[in-house]
Amino acid sequence: MHTYRLTFDCPDAIGIVNQVSTLITKHKGWISDASQHGDDETKWFFSRIEILADSLDVSLEEFRELLTPLAESLNLNWKLEDSSVPKKVIMMASKGTHCLTDLLDRWHSGELNCEIPCVISNHDDMRGIVEHYGIPYHKVVIEKDNKQPGFDEVERLIEEYQGDTVVLARYMQILPPTLCAKYKHKVINIHHSFLPSFIGAKPYHQASIRGVKLIGATCHYVTENLDQGPIIEQDVSRVNHGDKVEDLVRLGKDTEKLVLARGLRAHLEDRVLVHGNKTIVF
């Protein structure tokens, strides 16, 4: 279904929904879906509205112009997106295959509405898998003692392929702060939810020794504060004393795949609004 997606946040006040919906209906817009949330603590308002594209009596650009003065009067932070224009998602991965192959399969089957213009990796391990789907594969080595040239090349590739979104599908390098800032709320990462309890190598081994009962995964936007960006999606799986380390790793991978796919889908459908370090996911 071809829709226009209007998302916005602003200081909470009386009549916001009425004024926005009145403008939409004035131009014959059919609202097919609407979500809203008012935060009592911050007195901030959030909304996502889908409008049937064919119902409007003006073009998308004309409607954007009509909406601008209202947005200014209500102090809206807003976006108006066309659902028929898929986002360009650049995937980045290292050696772990589970997240990348899962997303490639979901994309290939049409479950994820996006384009994947290229995959960037610091290893060659997944070249065959990626090129099987007809997607360009770029190996960019990140030297341990001099990482900046590698990340300069990563940035160049993102710009060359005009990436709207970057997904770190188990990419085991820390992006520099400048790259995080440039693509704020456009880089999505996945990690196990043991953090900050089990830091470093072999977290599942550490968790097994401690006898954890829940393992999970967190999908979030990347910031310069490692693994502390706004959370988009999370999930957990129960484990018990009979589960071996291998079982924890397997369940953890399954959870990571599912959570990353959910998080990316929400992002692609413009369901995620960020306020400070918190997300509202409609």
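**Notebook: a pocket, a glutamine and the cysteines**

I began with the second largest pocket, and I sorted the residues of its lining by kind, which gave 11 nonpolar, 8 polar and 14 charged. I note here that the model is predicted.

I then looked up the extent of this second largest pocket and found a volume of about 780 Å³. Its lining is made up of 33 residues, and those that lie nearest the centre are Lys79, Lys87, His267, Asp270 and Val272. The elements that give two or more residues to this lining are β1 (3-11), β4 (77-82), α8 (245-268) and β13 (272-275). Which element gives the most to the lining of the second largest pocket? I found that β4 does, with 5 residues.

Next I turned to Gln173, which I located in the loop between β9 (165-168) and α6 (177-182). Is Gln173 buried or exposed? I count Gln173 as buried, because its relative accessibility is 17% and the cut-off for buried is under 20%. When I left aside the neighbours within four places in sequence, I found Gln173 in contact with Asn122, Ile142, Lys147 and Phe151.

Last, I searched for disulfides, taking a pair of cysteine sulfur atoms within 2.5 Å as the rule, and the count came to 0. For Cys118, the closest cysteine sulfur is in Cys114, and at 12 Å this is too far for a bond. Cys118 is buried, with a relative accessible area of 0%. For Cys180, the closest cysteine sulfur belongs to Cys219, and the 15 Å between them is likewise too far for a bond. I also noted that Cys180 counts as buried, at 6% relative accessibility.

How values were computed
Residues numbered from 1 in each chain as written. Predicted model: local features only at pLDDT ≥ 70, side-chain atom pairs only at ≥ 80, totals over all residues. Heavy atoms only, no water. 1 Å grid on protein atoms, 1.4 Å probe; cavity = no way out; pocket = protein on both sides within 12 Å on 5 of 7 lines; lining within 4 Å. Points joined across faces, edges and corners; volume = space filled by probe spheres on them. Helix = DSSP H or I, 4+ residues; strand = E, 2+ residues; numbered from the N terminus. Nonpolar A, V, L, I, M, F, W, Y, C, P; charged D, E, K, R; others polar. Buried < 20%, exposed > 50% of the residue type's maximum accessible area, 1.4 Å probe, protein only. Contact = heavy atoms within 4.5 Å.
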